[in-house]
Structure formats: C-alpha cells, structure tokens
There are 2 protein chains.
Amino acid sequence: MSRRNESAPIDRPTTGRPTLADVAARAAVSTATVSRCLNSPDLVQAETLDRVMTAVRELGYMPNFGARALAAKRTQTIGAIIPTMENAIFATGIQAFQEALRDAGFTLLIASSQYDAAVEEEQIRSLIARGADGLLLIGYHREEAIYQFLERHGIPCVIAWAYDGSIPRPAIGFDNRGCMAELAAEVLRRGHRRLGMISAETAGNDRARERVAGVRQAMREAGLADDALTVVETRYSFENGRKALDALMSRSPRPTAVICGNDVLAVGAIQAARGLGLKVPEDLSITGFDDIELATVVDPPLTTVHVPHRRMGSRAARLLIDLINGEPAEGAVELHPEIRMRGSLGPAPA
Amino acid sequence: MSRRNESAPIDRPTTGRPTLADVAARAAVSTATVSRCLNSPDLVQAETLDRVMTAVRELGYMPNFGARALAAKRTQTIGAIIPTMENAIFATGIQAFQEALRDAGFTLLIASSQYDAAVEEEQIRSLIARGADGLLLIGYHREEAIYQFLERHGIPCVIAWAYDGSIPRPAIGFDNRGCMAELAAEVLRRGHRRLGMISAETAGNDRARERVAGVRQAMREAGLADDALTVVETRYSFENGRKALDALMSRSPRPTAVICGNDVLAVGAIQAARGLGLKVPEDLSITGFDDIELATVVDPPLTTVHVPHRRMGSRAARLLIDLINGEPAEGAVELHPEIRMRGSLGPAPA
DNA sequence: AGACAAGATGTAAGGGCTTACATTGCGTTT
DNA sequence: AAACGCAATGTAAGCCCTTACATCTTGTCT
C-alpha cells in the first residue's frame with residue numbers, strides 16, 4: 001500500500017476545479033491555514049507550508065479570483081483605458097506601465113475606448129465592477145461626474161500623457177501645448193510663414209486641443225496672424241495623414257510647413273508629399289509628435305517631439321500604487337520632452 | 001415632506017458601493033427581483049422593473065463582478081493571449097475579435113506573453129482564475145499539459161494565426177508554410193539564387209518555424225541546395241531587422257534577395273539596405289509577411305503576404321462563442337492569404 | 001363558484017475565499 | 001510548578017450575487 005494512497009482524501013472530487021477545501025482536506029489542515037499559506041506564508045510553520053504547497057501542486061489548485069475579490073475586497077488588479085491600440089503611440093508607455101505593475105504584484109487590465117467618451121465611461125464602470133484597485137486614464141478631459149464617481153467608490157486614478165499644473169489631480173505627463181509651441185517656434189525660426197496643421201480630432205481630446213493651441217501660441221509670439229495657419233482634423237492613421245496633406249496642398253497659397261499632431265499622421269503626410277512630387281524638406285517641411293520608432297524609419301526621418309514613454313509608464317505605475325496603498329503620493333509630475341531635429345524639417349523655400 | 005425622503009430606506013448606507021440589497025430596499029422588492037430585473041427583465045412586471053431601474057440609477061448601483069461570477073459560474077468574459085502588443089501585427093485582428101465579441105455581449109481581456117511560453121502559461125492560469133469563459137491563443141505550439149489543463153477545466157479554446165488540417169483543434173488561420181513557399185517561389189521565379197532570410201526566433205514559435213520551412217520547401221522544389229539560404233533569427237523590431245540585414249550583407253557571396261518573417265523586420269531591412277547604399281529592388285529584393293499598414297508606407301512599398309486580419313479576428317470570435325454555448329462549431333477554418341506584389345521585389349541583378 | 005394554471009415575487013441556500021477571534025500547545029518566568 | 005505569553009492553527013462569519021423552489025395573485029375554465 002503506497003503512502004500516496006493513504007494520504008489521499010476519501011472524498012476528493014474528481015470533477016470540476018479544486019477548491020481551498022479540497023486542498024485543506026488533502027493536507028489535513030483547515031481552509032484558513034491553506035489561505036494563509038497562499039497569502040502570508042510567514043505566518044505558518046515550514047512543515048505545514050510544505051505539506052499544503054504539495055497538495056496545491058498535486059491538485060493543480062488555483063484560487064478563484066471572484067471569490068477572493070469578494071472576500072478580500074481588493075484584487076491586486078489595476079485597469080488602464082487607452083484611446084486606441086491600433087497604433088504604437090500608447091504601446092510603449094503601457095508596456096512599461098505593465099512591467100512596473102507586475103514587479104509590484106499587480107495585474108493590468110487594458111481596455112481601449114476608440115477615442116469615444118461614452119465607451120470610456122462604460123469601460124470605467126466595467127473595470128471597477130471587475131474590482132480594479134486603481135485606474136490609469138489618458139488626459140484630463142472627461143465629465144466631472146466620472147471623477148466624482150471614482151471618488152465615491154474610493155478608486156484612485158492617475159492621469160497620464162498630460163500635465164496641467166493648475167489641475168490638482170495625480171497625473172504624469174507633459175505640457176502638450178508648451179512642447180508643441182516650442183516645436184512650432186523652431187519651424188518659424190526657419191522662415192516658414194504659411195503653416196498647415198494636421199491634428200487629431202479635438203473633440204474630447206485635450207492633448208490634441210492643447211497641441212493646436214501650442215502652434216497658435218508660437219505664431220502669436222512670432223507676430224503671425226491666426227489665418228496663416230490652416231488646421232485639418234482627422235483620426236489617427238497613415239491613410240488619414242495622406243488625405244489631410246492632399247487637402248492642405250490643394251489650397252492656395254500652399255503652406256511651406258505642415259505640423260502634425262503625431263508621428264503616424266506625419267508619416268502619412270510625408271508619403272502623400274512624395275506622391276505629389278514634393279521633396280521633403282526642400283519643398284515642404286513636415287513635423288511629428290511622440291517620436292515612435294517609426295519616426296526614424298521613414299525617409300527623411302521625422303523631426304518630432306520625443307516623449308519619454310517608458311519613463312512615463314513606469315512612474316505612472318509607482319504613483320498609482322502609492323495612491324492605492326494610501327502612501328503619500330507626489331501629486332502631478334511633469335516630464336520634459338525634447339525636440340528631436342531630423343531631416344524632415346528644413347528652411348522655408350525661397 | 002418630500003416623497004423622495006419617504007421612499008428612501010432608513011438604513012441606506014451612505015458609504016461604500018451600493019449592493020443589490022440596497023437597491024432592493026430602495027425599490028421595496030426582494031434581491032431576487034432586482035437580480036431578475038438586471039439579468040432577465042422579461043420575467044418581471046413593467047411597473048416593478050421601472051421602479052427597480054430607477055433605484056439602480058439613483059444609487060449608481062453596479063453589480064459586483066466577483067460575486068456575480070461566483071454565483072453564476074460564468075462571466076461573459078473571454079481572454080486572449082497574444083505574443084506582443086508592441087507592434088501592429090496582432091492589433092488589427094484583435095480589434096476585430098473584440099468588436100465581434102462585444103456585439104455578442106462578451107468582454108475581452110488581453111494579455112501579452114512577450115513570446116515567452118512560461119509567461120503565457122502563467123497568463124492562461126490567471127485568465128482562468130478570473131473566470132474567462134473561453135480563450136484565444138496564437139499558434140498551436142505549447143505543452144500538451146496546457147491543453148489538458150484547459151480541457152479539464154472545461155474552458156473552450158480557439159487557436160488563431162495558424163492552421164494545420166492535421167491537428168484536430170478549433171482554429172482559424174492559414175498555412176504559414178504554404179504561403180511563405182508561394183512567396184519564395186515568386187522570388188525564385190525572378191532569378192534569385194542566393195537568398196537570405198530574417199526570421200523571428202523559432203523557439204516556441206510555430207508560425208516562424210513554418211515560414212522558414214516554407215522557404216526551404218520552395219527552394220527544394222526549384223532544385224536549390226539548402227546552403228543557398230542563410231537564415232538569421234531575431235526578435236521582431238525595426239532595429240533588429242536593420243541589424244540582421246547588415247549581418248546578412250557582411251557575408252559573401254551576398255544574397256540578392258532577403259525574405260523576412262514579417263513586415264516589421266522587412267521595413268528595418270529596407271532601411272538598412274538604404275544605409276548600405278543598396279537600391280531596393282535593383283540591388284537587393286526584400287519581402288515581408290502580414291501586410292500591415294506600414295507595408296504600403298515604406299519606400300519602395302513592400303511585396304508581402306496579405307493576411308486577412310479582420311476576417312480572422314471576427315471569425316475567431318464566432319467560433320469561440322459557439323464553443324462556449326455548446327453549439328456545433330465548425331472546427332478548424334483555413335483562410336487563404338494572397339501575395340501582394342509591390343515594389344520591393346524585382347528581378348535578380350545580372 | 002370552485003379548481004387550476006400561469007405569472008409575479010419572495011425565501012434562502014449556496015458559491016470559494018479571507019480574516020477576526022477563539023483555541024491549543026509550547027517554552028519561559030518566577 | 002503555576003502562570004503567562006506567544007506562535008500556530010482552527011472556527012465560522014461574512015463578502016454579494018444567482019437561482020431553485022415556495023408562495024401568493026390573478027384570471028380562466030367548467
């Protein structure tokens with residue numbers, strides 16, 4: 001008679017998922033002890049721990065997340081809602097965010113809102129219903145009621161990809177307006193006087209709005225009239241960048257430089273310019289924003305604003321975890337992107 | 001005295017999330033009725049329904065996901081584990097998958113495994129612990145024990161991005177080897193006799209392995225010796241594509257065509273070729289695989305295999321939902337990608 | 001009018017886990 | 001040797017839902 005047979009509990013169910021009770025029975029301890037082995041192993045004697053963990057392994061036991069969340073009122077899960085996963089803009093930052101969370105024992109749940117406020121709201125509810133201990137959201141702009149809702153539920157929330165010192169909310173990001181103004185100033189310094197801008201849709205997107213405002217600000221500072229700028233709004237995609245550039249170039253007089261709200265649009269714009277037989281930057285300068293990997297892959301490489309995505313992601317994680325643990329968090333954090341001068345920006349044609 | 005005050009329950013807790021019981025009290029019904037209003041509204045009288053839904057709204061009630069999962073033993077949630085979110089390869093397909101799921105009332109949970117089998121396994125467990133009703137996995141290759149584990153737990157699972165008629169498992173994908181063989185045949189037809197290949201790491205990646213096998217198959221069929229092909233393995237990224245091309249070109253004799261395991265590597269390769277002063281396709285032909293949007297953005301545009309990502313995603317969703325509902329599912333589905341001939345492939349230099 | 005079916009609602013038993021509190025068994029202290 | 005404190009473990013009360021079953025109302029049929 002093998003010892004293994006002896007120690008197997010009589011009534012071990014052979015069907016369905018094993019539960020804490022099954023493990024407890026097999027290890028001949030109470031469910032409380034099994035729970036402790038799993039959650040705070042230092043409270044339990046080495047020998048007992050060993051016996052329990054063996055049983056866990058033998059049964060292939062896996063705690064039921066729902067039950068655990070119900071009993072413990074926390075889930076070690078945090079949720080992030082990003083506008084889109086279709087392009088690389090958020091990928092790097094979120095990746096870093098996830099890595100930092102994992103190091104701290106948290107799991108990340110990601111949802112994408114397609115830049116739609118109603119979808120975002122639904123997803124906030126869904127993530128909270130799923131027991132998210134905290135949330136990462138992109139940009140400040142959303143209905144006040146949502147913030148109140150989060151507050152009422154005691155769900156900490158960090159804003160990323162935007163920074164506004166005047167808003168007292170945990171955030172990590174950068175001054176979209178200021179960065180874009182800086183870049184636009186560089187463009188103007190090169191003699192460009194008629195500008196085009198391809199922006200993301202500004203409705204419900206404060207980052208896009210701020211970037212447009214940044215260009216206008218630089219223009220005012222350079223003494224240019226508002227009508228020296230033509231703005232086209234479109235959704236992020238190569239294809240839309242192409243179309244938008246065609247639209248800008250069909251106007252007269254043509255702009256000599258086109259500032260794009262992000263790199264994806266800028267790459268589309270470069271391609272369209274090539275299609276029109278325009279040389280970049282000799283005939284037309286084009287700039288981007290974000291500095292995704294693609295920016296150095298196109299020809300000519302893109303002059304753009306380098307956003308420190310990885311740093312933003314990992315600090316967002318730290319910020320959020322501090323908030324969840326009730327530790328003193330550092331409030332809003334401002335990062336300082338730098339302009340990367342590359343081949344797509346040149347002097348205005350004579 | 002306002003009616004509102006009258007109808008408010010005495011002991012309505014003012015703190016924390018409202019529960020079913022709070023709603024029930026406020027609407028003066030039992031918790032069972034509230035539950036029915038939420039889950040099968042047609043079982044309940046219109047007037048009662050109205051009263052309950054009003055209470056739900058007034059309290060901002062939101063069911064607790066964990067409790068619901070515990071009680072109902074299903075979650076209307078399905079999980080997907082993809083190798084990476086860093087590039088666009090899976091983005092489109094997953095997007096379509098998610099949309100189809102949403103239409104059917106399911107929520108998608110996404111995890112990324114970084115092409116690491118151990119991470120994938122951990123994530124499978126985590127998704128199941130979270131109560132996923134079904135799973136989407138990429139490619140067939142993983143330990144048999146994992147499939148048994150899923151079976152034991154009764155979790156339906158669909159494989160995507162790969163199709164192998166000889167494996168009796170619900171799947172939707174395409175014949176990676178066959179498609180690549182077809183493309184390679186086109187390359188050979190143009191007179192190329194010394195080939196290079198930049199592949200993803202083949203360890204634990206059956207799609208990558210199959211694609212390499214496809215190239216070899218085409219070569220054998222054309223009567224070429226195995227050593228006419230040099231393969232470099234690397235992880236997916238522009239940067240790695242660049243380095244790999246440099247490596248291939250430092251050999252002698254140089255290949256006249258480089259077949260890449262996917263479009264991201266191919267774009268990197270094109271860029272590196274430009275850096276070496278090589279003209280594509282006059283001096284060197286380069287091909288990709290996937291036909292992501294980027295393929296038409298580079299210069300020259302990429303000859304590649306067009307994978308119908310959206311179709312694959314939405315049919316994967318249907319397949320999985322059928323399995324979950326115990327309906328007769330259609331087993332493995334084979335899609336037929338087409339080769340897209342573009343500028344990056346030309347005749348072998350004289 | 002009485003019997004009965006069908007529809008609407010209520011009652012209460014779990015579902016798997018965590019954790020406050022109770023119990024047990026030691027080694028120490030005096 | 002009695003008293004005590006502490007470490008290790010057990011007991012059992014929830015956490016918030018869903019749902020089988022019981023109960024109560026109506027309306028219909030004969």
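**Close-up views of a predicted model**

**View 1. Phosphate contacts of DNA strand D.** In this predicted model, a polar side-chain atom of Arg74(B) lies 3.5 Å from a phosphate oxygen of DNA strand D, where a polar contact is a pair of N or O atoms within 3.5 Å.

**View 2. The surface near DNA strand D.** DNA strand D is surrounded by 24 residues, the closest being Thr33(A), Thr48(A), Leu20(B), Ser35(B) and Tyr61(B), and a residue is near a strand if one of its heavy atoms lies within 4 Å of it. Helix 5 of chain B gives the most to this surface, with four residues; helices here are DSSP runs of H or I with at least four residues, numbered from the N terminus.

**View 3. Helix 7 against helix 8 in chain B.** Helix 7 (residues 117–129) and helix 8 (residues 144–152) of chain B pack at an angle of about 5 degrees, with their axes 11 Å apart. That makes helix 7 of chain B roughly parallel to helix 8 of chain B, a term for angles under 35 degrees.

**Notes.** Residues are numbered from 1 along each chain as its sequence is written, and chains are lettered from A and ligands numbered from 1 in the order in which they are written. Local features need pLDDT of at least 70, side-chain atom pairs count only at pLDDT 80 or more, and totals for chains, interfaces and linings use all residues, while side-chain values use heavy atoms, leaving out hydrogens and water.

Technical notes:
Axes are lines fitted to C-alpha atoms, for helices over the stretch in contact, and angles run from 0 to 180 degrees between N-to-C directions. Helices (H or I, at least four residues) and strands (E, at least two) are DSSP runs, numbered from the N terminus. Angles under 35 degrees count as roughly parallel, over 145 as roughly antiparallel, 65 to 115 as roughly perpendicular and the rest as oblique. A polar contact is a pair of N or O atoms within 3.5 Å; within protein, one must be able to donate a hydrogen and the other to accept it, and residues adjacent in sequence count only if both atoms are side-chain atoms.
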